[in-house]
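This report describes one protein chain, part by part. Please keep the sequence and the 3D view open while reading.

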Amino acid sequence: MDPLLSYCEAQLPQLVETTESLARLESPSTDKTAVDRCGHELASRLTRLGARVETLPQHACGDHIRAEVGGDGRPVLLLGHFDTVWPIGTLARMPVARREGRLQGPGTFDMKAGLAIAMTALDALRATGTAHPPVVMLWTSDEEIGSRTSRDAIEAEARRARAVLVLEPSLPGGALKTSRKGCGEFELTAHGIAAHAGLDPGRGASAIHELAAQIAAIERLQDLSRGISVNVGVITGGTRPNVVADEAHAVIDVRVPTSADGHRIDAAFRALQPLRPGTRLTVKGGFERPPLERTPGVARLFDLARDAASSMGRDLTEGATGGGSDGNFTAALGVPTLDGLGPIGDGAHAHHEHVVVSELPWRAALVAALLNRMQAVE
Ligand SMILES: [Zn+2]
């Protein structure tokens, strides 16, 4: 048996214990005290692993954790987050529990098991004396709310790295993510002129009618056959039925497969013109995450991973997802990025969130074996 795999198989209890401990430290992105508690636990585990650990202090959200292992040369960046979408108190109705081969609980799949997998992979490399390039780990605290405070650090580390491995959950069955859509959020506000709807309707200009016409135009930007989705997810506006509305507001989620599509859609939003006399429009927002495109560098990285998996008798596949991650930022810089190396399971952001326990060891061995193979790739 592959020595990395047999080491990781023997570490199954530690993989489970680490995931459970981190999941029991609830860490909603917006609660700094709670997130820092989880980050502190993570940092002490990394220190025990022999990593040089640094915290990147933040005011508005939890501190990010940076840890380094190994010597000279361009590092590989391991990327992930320890914040979750689950508010404090979720554990009371959704406890961390093992049932029928699953480890369930808030944040297990997205993505505390991914952190456990990365740490076990490094432990396995060290314990088996397997060669690997220097590794920088960046574990952040605000991914679930758009990575506003971590993006600079992520991009700076990625620029220095030979490649980026993201420990986000895998696709169903364990497939890696070799493309992710870019994600945008736009806010469109229509401004009109208020008037009495009965006494003086001609004096008004309805912001709601204007917004409705704009929404019809926005919908035409959608092209699902090309993977471009445009969803007007929220609308608000108006005050009373007998008042011509002077303001109406829409929030629109946009997903695109390529950055060219992103630029085109962004330009289309900026170019929206009012269709009714007396109204005007304001547009805010834009693309928060550029797409992760399957470049030749990404494909080469996947080939290495598939090769590593096949050495342990596993057939590794790849796929695309509409959801974004911090891998979108690093890939957009042209740094080869492989995402979805984390656990196999289901239910990210959902009540049935869980990881499949028996699959944890080979995922850790996969990350270790991939790092070994990346030794040769500068
Ligand atoms: Zn995540």
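Glu20 counts as partly exposed because it has 18 C-beta neighbours inside 10 Å. A residue is buried if 20 or more other C-beta atoms, placed from the backbone, lie within 10 Å of its own, exposed if 12 or fewer, and partly exposed in between. Glu20 lies in helix α2 (residues 12–24). Helices are DSSP runs of H or I with at least four residues, strands are runs of E with at least two, and both are numbered from the N terminus. From Glu20 to Ala213 there are 193 residues in sequence and 51 Å in space, C-alpha to C-alpha.

Ala268 belongs to helix α8 (residues 259–270). With 16 other C-beta atoms within 10 Å, Ala268 is partly exposed. Ala268 is 47 residues from Leu221 in sequence, and their C-alpha atoms are 8.3 Å apart in space.

## About the model

This is a predicted model, in which local features need pLDDT of at least 70, side-chain atom pairs count only at pLDDT 80 or more, and totals for chains, interfaces and linings use all residues. Residue numbers start from 1 along each chain as its sequence is written.

## The chain as a whole

The protein chain has eleven helices and 18 strands. Its C-alpha trace spans about 85 × 45 × 40 Å along the principal axes. Of the 378 residues in the protein chain, 47% are buried.

Two residues are in contact if their C-beta atoms, placed from the backbone, lie within 7 Å. Among contacts with a separation of 6 or more, 78% join residues 24 or more positions apart.

## Strand β2 and its partners

Strand β2 (residues 64–69) is mostly covered, with five of its six residues buried. Two strands pair if DSSP finds at least two bridges between them. β2 pairs with strand β1 (residues 52–56) in the antiparallel sense over five bridges. In this pairing, Val53 has Ala67 in β2 as its bridge partner.

β2 also pairs with strand β6 (residues 135–140), again antiparallel and over five bridges. Here the bridge partner of Arg66 is Leu138 in β6. In a regular strand the side chains alternate between the two faces of the sheet.

## Two open sheets

Strand β5 (residues 102–104) and strand β18 (residues 354–356) are joined by three bridges in the antiparallel sense, and Leu103 stands opposite Val355 in β18.

Another open sheet of four strands runs in the order β11-β13-β9-β14, with antiparallel pairing. Its edge strands, β11 (229–237) and β14 (280–289), each pair on one side only. From one strand to the next, the twist averages 15°. Strand β9 (residues 182–191) pairs with strand β13 (residues 247–256) over ten antiparallel bridges. One of the facing pairs is Glu185 with its bridge partner Asp253 in β13.

Helix α7 (residues 207–219) lies across β9, β11, β13 and β14, and runs at about 175° to β11. Axes are lines fitted to C-alpha atoms, for helices over the stretch in contact, and angles run from 0 to 180 degrees between N-to-C directions.

How do the axes of helix α1 (residues 3–10) and helix α5 (residues 108–127) cross, and at roughly what angle? The axes of α1 and α5 come within 9 Å and cross at roughly 125°. α1 and α5 are therefore oblique to each other (angles under 35 degrees count as roughly parallel, over 145 as roughly antiparallel, 65 to 115 as roughly perpendicular and the rest as oblique). Leu4, Tyr7 and Cys8 in α1 meet Thr120, Ala124 and Ala127 in α5. The residues of this contact are five nonpolar, one polar and no charged. Ala, Val, Leu, Ile, Met, Phe, Trp, Tyr, Cys and Pro count as nonpolar, Asp, Glu, Lys and Arg as charged, and the others, Gly among them, as polar.

Helix α9 (residues 296–310) and helix α11 (residues 360–374) have axes that come within 9 Å and cross at roughly 125°. α9 and α11 are therefore oblique to each other. Leu304, Ala305, Asp307, Ala308 and Ala309 of α9 make the contact with Leu366, Ala369, Leu370, Arg373 and Met374 of α11. The residues of the contact of α9 with α11 comprise eight nonpolar, no polar and two charged.
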